[in-house]
Amino acid sequence: MPLRGKASGHKQAEPRSPLFLPVAIVLCIWVIFGGAAPESLLLFSMLALSGSALLLFLLWRGDGSSWRSLSWPARAMVAVFCLIPLVQLIPLPPAMWQALPGRELAVDTLGVAGVADRWHPLTLAVAPTFRTLLVLVWLAALLLAALQLTSGELRRIFGLLLILGLLNVAIGVVQVVSNNALLVFHDGFAGRFLTGLFANKNHAGLFIALTFLFGYGALYAKHGWDRRHLAMVMSIGLVLLIALVATFSRAGLVLGLAAIAFLVVLSAGNRLGRGMRVLLIAAPIVAAGLFAVISSTDVASRAMARFGGVETDLRWSIWDWSAPLVERYFPVGSGIGSFPAIYPSHEQLEWVFPSYVNHVHNDYLEQVIETGLAAPIAWLLAVVALWRPIRLAWAERATQAGRLALMGAAALFLIAVHSAIDYPLRRPAVAATAMVALAALLRIEARKSRLRASKAYARRDG
């Protein structure tokens, strides 16, 4: 797509959706307040009020068009993800829950309290599982609401995410410069690393990497790169690159480079004008020069040095220590959110270190521990549900809807890759962002179905 100047011609505006403002508000709240686990009362209350309000608004409107527009694999995917924690919360008779794998310690503990012979649910951590159920229902509401947005509204939503991504960087800079004295929202590494709105530097790095893609969705998807915005685009890119280094996150740096590679592929997938060719040639040169300057600084040296310690990273040991829990609780799992409660009983003395293990740092392994056979079934449904929309998006990459869908697919890919070494989707900010990206991808299939129906209706009338 060539660089464009001033837009010409007149095009009829798309009808506005009444859901644009609610989606934007919920997204702002979840990104700003959802950078850590929703365990505090204030944080969970913010998520609950906004998520419940959106859900009630959808139910009040009574419009099921977004659900009907989904393919059956997509409907099954959404339903299964919401049903898993619901099923885990259903009380079971004593003979049934006591016979489940890995319940020996629970039977003994409840026996001491004199309540082992009562009905209990499958999950070993009722509160976290119930909290997860609520969050998943609110996320499903956000997905269904985002599916009803027009392409233009969705592009503006990604513009909002771009602003939130830059806000995340700005807050992180203030934290570092003030030595953890200002704008610290979560306990953790703030002040030592750039964490911004997040409690974890790796999640902050992922969100910065995703911000590159948000910029593509907001500034490129409609007509291509506007030559009036080139200076702004280059400036934003350089700021995000520097911020990635300041996170000291190895995963963030790798994912950021992957996001930039996606931008080049997605942009080059269309006809290029002379200005765009110059930009694509100049960008690597500028990036190389910037890297040469940054690499000479102490911050960059320490960030790059972390790649030398990959083989000694503690997460590899946590994987080995946690893997036997799969067999102990398979095929039903221990319950979503139960890992911090069940791991200590399995932990050996020589594994103990000053901080506690809150997650496996491999969300796929943790999901199998907590949900058993349900996890791979849900993954398979997700692959089936997303395969056709990705193909349709690539075929329509010259259109705004196609570009937004490809951007959504790229964002989901980065989150999926990061989930192999961390737990990003267990943070509401990333999960809400994933729902918007998923909506951008799934709506391409619904759009195709509507076009086919319109053509068939026109032929019948003719």
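Let's start with Glu-445: at a relative accessible area of 10%, this residue is buried. Buried here means under 20% relative accessible area, exposed means over 50%, and partly exposed lies in between, using a 1.4 Å probe and protein chains only.

A word on the model. It is predicted, so local features need pLDDT of at least 70 and side-chain atom pairs count only at pLDDT 80 or more, while totals for chains, interfaces and linings use all residues. Residues are numbered from 1 along each chain as its sequence is written, and side-chain values use heavy atoms, with hydrogens and water left out.

Back to Glu-445. What does it form a salt bridge with? Its partner is Arg-388, and the closest N and O atoms are 2.9 Å apart. A salt bridge means a side-chain nitrogen of Lys or Arg within 4 Å of a carboxyl oxygen of Asp or Glu. This pair links distant parts of the chain: Arg-388 is in helix H18 (residues 374–395), Glu-445 is in helix H20, and 57 residues separate them. Helices are DSSP runs of H or I with at least four residues, numbered from the N terminus. Arg-388 is partly exposed, at 33% relative accessibility.

How many salt bridges are in the whole structure? The search finds five.

Another one joins Arg-426 and Glu-366, with 3.7 Å between the closest N and O atoms. Again, distant parts of the chain are linked. Arg-426 sits in the loop between H19 (400–418) and H20 (428–461), Glu-366 sits in H17 (residues 363–371), and they are 60 residues apart. Glu-366 is buried, with a relative accessible area of 1%. There is a network here too: salt bridges link Asp-363, Glu-366, Glu-370 and Arg-426.

Next, Arg-61 and Asp-63. Their side chains meet in a salt bridge at 3.9 Å, N to O. Arg-61 is partly exposed at 30%, and Asp-63 is partly exposed at 28%.

Now to helix packing. Take H2 (residues 41–61) and H7 (residues 126–147). Their axes come within 9 Å and cross at roughly 45°. Axes are lines fitted to C-alpha atoms, for helices over the stretch in contact, and angles run from 0 to 180 degrees between N-to-C directions. H2 and H7 are therefore oblique to each other. On this scale, under 35 degrees is roughly parallel, over 145 roughly antiparallel, 65 to 115 roughly perpendicular, and the rest oblique. The crossing is left-handed: the near helix is turned anticlockwise from the far one by less than a right angle.

Which residues meet? From H2, they include Phe-44, Leu-47 and Leu-58; from H7, they include Arg-131, Trp-138 and Ala-145. The contact residues divide into 14 nonpolar, two polar and one charged.

H7 also packs with H4 (residues 72–88). The axes of H4 and H7 come within 9 Å and cross at roughly 160°. That makes H4 roughly antiparallel to H7. This crossing is left-handed as well. Val-78, Phe-81, Cys-82, Pro-85, Leu-86 and Gln-88 in H4 meet residues of H7, among them Thr-129, Leu-133 and Leu-143.

Last stop: Gln-88, in helix H4. Is Gln-88 buried or exposed? It counts as buried, at 3% relative accessibility. Leaving aside neighbours within four places in sequence, Gln-88 is in contact (heavy atoms within 4.5 Å) with residues including Pro-121, Thr-129, Val-332, Ile-336 and Glu-370. Glu-370 also belongs to the salt-bridge network with Arg-426.

Definitions and conventions:
Helix = DSSP H or I, 4+ residues; strand = E, 2+ residues; numbered from the N terminus. Nonpolar A, V, L, I, M, F, W, Y, C, P; charged D, E, K, R; others polar.
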